[in-house]
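Colleague: I would like to learn how to read a structure like this one. Please take me through it feature by feature.

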Amino acid sequence: MIDLDNVRHNVALLAGLAPRAETMVVVKADGYGHGAVEVARAALEAGATWLGSCSLAEALALRAAGISAPVLAWLDPAGTDYAPGVAAGVDLSVSSQRQLVEVAGAARAVGREARVHLKVDTGLSRNGCPSDEWPALVGKAAATPEVRVHAVWSHLACADEAGHPATDAQAERFDDAYREALAAGLEPIRHLANSAALLTRPDLHFDLVRPGIAAYGLNPVPEAFDLRPAMAFRSSVALTKRIPAGESVSYGLGWTAERDTTLALVPVGYADGVPRSLSHRMDVWLAGRRRPVVGRVCMDQVVVDCGDDAVAEGAEVVLFGAGTAGEPTAREWAEATGTIDYEIVTGMYRPRVARVYR
C-alpha cells in the first residue's frame with residue numbers, strides 16, 4: 001500500500017523548509033520502490049518543481065507517462081545515446097569532457113540545445129568531475145554551443161551525520177568549483193542538498209534542494225520531523241492450523257512450540273522482499289497486536305505464532321508500516337538486518353508484490 005497523501009504531505013513539508021529554493025523530488029529506482037510515475041505526480045501536486053532520476057531510461061519513462069516537468073538524469077555508462085533525452089527535454093548531468101562531447105553530439109543530431117548540469121566531485125569520490133579536471137570541463141562547456149549549462153552540482157557524503165567535518169569541507173570545495181564556473185563565463189544555478197542537508201543545513205539549500213528518502217517519509221537524521229512513511233507492506237492469512245506442544249516449524253525445524261498453539265501462514269517470503277536474515281527475529285501486526293514470526297523465512301511464506309487467539313483466514317497482516325499503531329517499520333527491519341531503510345523499501349519493487357495506491 002502506497003499512501004500518496006503522505007507523499008504530498010512530506011513534499012509540502014520539505015519544500016516549506018527551503019522556501020528560497022526549488023525542490024527536486026528524486027524518483028530514481030522506480031520511486032525508491034514506491035512507483036516513480038505515481039510519486040512524481042503526487043510530488044508535483046504538492047509543490048515540487050523538478051524530478052530527479054538516475055538513468056536516462058528512468059527520465060524517459062516519466063516523459064512517456066506524460067510528465068513534462070523538468071527532469072534531471074545523472075548516471076549512464078559511456079557511449080550512451082543521449083539523443084532521445086535531448087529530444088525529450090531531459091536535463092543531463094555531465095562529469096567529464098568525454099561525456100560533454102557525447103551530449104553535444106546528441107544535441108547536434110536532434111537539432112536542439114542540450115541543457116546540462118556539470119557535476120563536480122567534492123569528496124564523495126563517486127560520480128563527478130575531479131577538481132584538477134574541473135577548470136578544463138567548465139571551459140570546454142562554456143565554449144560548446146550545443147549545450148547550455150544550467151547548473152553546477154555535487155553530492156554530500158556525510159550530511160546525515162550531524163557536525164561531520166566532511167560536509168563543511170565539501171561545501172567549501174563546491175563553492176570553489178562554482179566560482180570557477182562563473183570565471184569561465186557560465187551563469188549556473190547551484191544544488192547540493194540531499195534530504196539530510198535539506199533538513200539540517202539551510203545554508204546549503206542554494207537554488208535547488210534534492211529530497212529523496214525524506215519525500216517517502218523516512219527520516220535520515222536524528223532530529224524529529226513530521227515525515228509520514230508512504231509505504232506499508234501488507235498481506236493476509238492464507239491458512240491457520242492448531243499444532244500441539246513439541247511440533248516444530250519450517251526448514252531445519254528451528255522453532256519448536258512449547259505449548260499447544262495456533263499458527264497463521266502468510267504467503268510472502270524472501271522472493272517478495274522479506275529478508276531471510278529476519279528468520280526468528282521479526283514480528284508482524286495481526287488481529288490487533290504484534291505477533292512473532294517463527295521458523296525460517298522461506299521463499300514464499302512465513303509462519304506466525306498466534307497462541308490461543310482465534311485468527312481468521314483472510315485476516316490482514318502488516319509486515320511493516322508507519323508504526324503509528326505499533327506495527328513494525330522499515331527502519332526496524334533495517335536495524336535488525338544491518339542495513340538502511342532505503343534498501344528495505346526499494347527492495348519491495350518485485351514482480352509478485354502488487355502496489356495499491358491510496
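Colleague: What does the accessible surface of the chain come to, and what part of it belongs to carbon and sulfur atoms?

Modeller: Keep in mind that this is a predicted model. The accessible surface is about 15400 Å², and carbon and sulfur atoms account for 50% of it. As for burial, a residue is called buried when its relative accessible area is under 20%. Of the 358 residues in the chain, 50% are buried.

Colleague: How many helices and strands are there in the chain?

Modeller: The chain has 11 helices and 17 strands. Its C-alpha atoms fill a box of roughly 80 × 45 × 35 Å along the principal axes.

Colleague: Which residues does the "Alanine racemase C-terminal" domain annotation cover?

Modeller: An unreviewed UniProt entry places that domain at residues 230-358. Over this stretch, 11% of the chain is helix and 29% is strand.

Colleague: How do I read a sheet, and what is the strand order in the open sheet of seven strands?

Modeller: Strands of a sheet pair through backbone hydrogen bonds, in a parallel or an antiparallel way. Here the order is β9-β17-β14-β15-β16-β13-β10, and the pairing is antiparallel. From one strand to the next, the twist averages 35 degrees.

Colleague: Why is one side of β9 and of β10 left without a neighbour in the sheet?

Modeller: β9 (233-236) and β10 (239-243) stand at the edges and each has a single partner strand, so one side of each has no neighbour there. For β10, five bridges join it in the antiparallel sense to β13, residues 261-266.

Technical notes
Residues are numbered from 1 along each chain as its sequence is written. This is a predicted model: local features need pLDDT of at least 70, side-chain atom pairs count only at pLDDT 80 or more; totals for chains, interfaces and linings use all residues. Side-chain values use heavy atoms; hydrogens and water are left out. UniProt positions are given in the numbering used here, feature names are shortened, and annotations may be inferred rather than shown by experiment. Helices (H or I, at least four residues) and strands (E, at least two) are DSSP runs, numbered from the N terminus. Two strands pair if DSSP finds at least two bridges between them. Axes are lines fitted to C-alpha atoms, for helices over the stretch in contact, and angles run from 0 to 180 degrees between N-to-C directions. Buried means under 20% relative accessible area, exposed over 50%, partly exposed in between (1.4 Å probe, protein chains only). Accessible areas come from the Shrake-Rupley method with a 1.4 Å probe; for residues, only the protein chains shown count as cover.
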